[in-house]
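Student: I have a model open on my screen and would like to learn how to read it. Could you walk me through it?

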Amino acid sequence: MPSFRALPPSRLRHGGPDAKSIHVPVARAMVDCGVYCDGTRLPGKYTHAAALNKVHEIEADGRDAFVWVGLHEPDEHQMQTVAEVFGLHTLAVEDAVHAHQRPKLERYGSTLFLVLKTVKYVDHESMANAREIVETGEVMIFVGPDFVVTVRHGEHGGLAGIRKRLEATPSTLRLGPYSVMHAIADNVVDNYLDVTDLIETDIDGIEEDIFSPLSHTNMEAIYLLKREVVELRRAVSPLATDLERIGTDHADLVNIEIRTYMRDVLDHTIKAADRIASFDELLSSLVQAALGKVAMQQNVDMRKISAWVAIAAVPTALAGIYGMNFDHMPELQWAWGYPAVLLLMVTVCALLYRTFRHNNWL
């Protein structure tokens, strides 16, 4: 019996004699595939093609049904295989494979393509030790008359919990495939608000450190938080305009009840975007305040250094003068000359110290 040795993933991705002819099946990227009829999931396991055929059979009997296919980071061949079954547009398929898209909503015939940025707050003990605060991913949703195809990129933002909650409420699933789009968008946007709450706590901590007179200002932490807020703003702000278009440009595809729910998602998106914009402005102000505090601390340090230099200059000057090898110098032959010079040094230094101390230079 002949034996077959599996090629390593590197050869499948980057080349090799048979790399072009070997394709990873869609099932490797498929997280779940379910057929829903009248709000209830039908029992059994389906491939994406078999699920769509089942939907067509149910629709032929006059009942409403749709299929929901969930994919996680599919490659080009896997995504193209699914696209051929559901008739997805080539440009949208390319975006779904390569990811790194901005939030957007596009229409291809009777199919809507929605791109959402998912965010995750990275726990950290303190801002001084943090290397990342917000981790981003993507969820792309293809919604047609009788199907939903979700493509997820990133290790967070799983949709299993959303699917489970929807299956527990058949009344919501009876609204059709756009109910799935609403549930996913609502969950993603609510997560924006949760992340902003946690970031606000970090900003409050930095603000307290900046305006505390005895604390050390960590500029790197401020710039890190500023960078993360900018990344979060790019993930949230563009979404509001696209969600608003669902109720205007695509009213012929989305029923009125789902449009009502999507307006609530839009309100939450605008709220999150406004909070993030306020964080951005606040951090810009904190950067200026931190720079002012650093400059003021530097001025204080320079005054202290200058004061000590002035005090040290007196004994240095006297020692330099009496260190010159001349025969005729004041009090050179006097028995109390040496103690007198030392006393003079101490007296002058003490007077200078008292003066600088009185003027808050030391």
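Student: In which sense do strand E4 (residues 104–108) and E5 pair, and over how many bridges?

Tutor: A word on the ground rules. This is a predicted model, where local features need pLDDT of at least 70, side-chain atom pairs count only at pLDDT 80 or more, and totals for chains, interfaces and linings use all residues. Residues are numbered from 1 along each chain as its sequence is written, and side-chain values use heavy atoms, with hydrogens and water left out. Strands (E, at least two residues) and helices (H or I, at least four) are DSSP runs numbered from the N terminus, and two strands pair if DSSP finds at least two bridges between them. Here, E4 and E5 are antiparallel, with five bridges. Lysine 104 faces valine 115 of E5 across this pairing.

Student: What links the two strands, and which residue there has a positive phi?

Tutor: E4 and E5 form a hairpin with two residues between the strands, and glycine 109 has the positive phi, near 65 degrees.

Student: Which strand joins E5 by ten bridges?

Tutor: That is strand E6 (residues 134–143), which runs antiparallel to E5. In this pairing, phenylalanine 113 sits opposite phenylalanine 142 of E6.

Student: How many residues of E5 are buried?

Tutor: Buried means under 20% relative accessible area, exposed means over 50%, and partly exposed lies in between (1.4 Å probe, protein chains only). Ten of the eleven residues of E5 (residues 111–121) are buried, leaving the strand mostly covered.

Student: Now a helix: which residues of H4 are buried?

Tutor: An α-helix has 3.6 residues a turn, so residues three or four places apart point the same way. In H4 (residues 90–98), the buried ones are Ala92, Val93, Asp95, Ala96 and Val97. They pack (contact means heavy atoms within 4.5 Å) against helix H3 (76–86), E4, E5, E6 and strand E7 (147–153). Just after H4 comes alanine 99, with a positive phi of about 60 degrees.

Student: And the whole chain: how many helices and strands does it have?

Tutor: There are ten helices and seven strands. The radius of gyration is 35 Å, well over the 21 Å that the globule rule gives for 362 residues, so the chain is more spread out than a compact globule. That radius is taken over C-alpha atoms, and the rule is 2.2 Å times the number of residues to the power 0.38. Along the principal axes, the C-alpha atoms fill a box of roughly 125 × 60 × 30 Å. Buried residues account for 41% of the 362.
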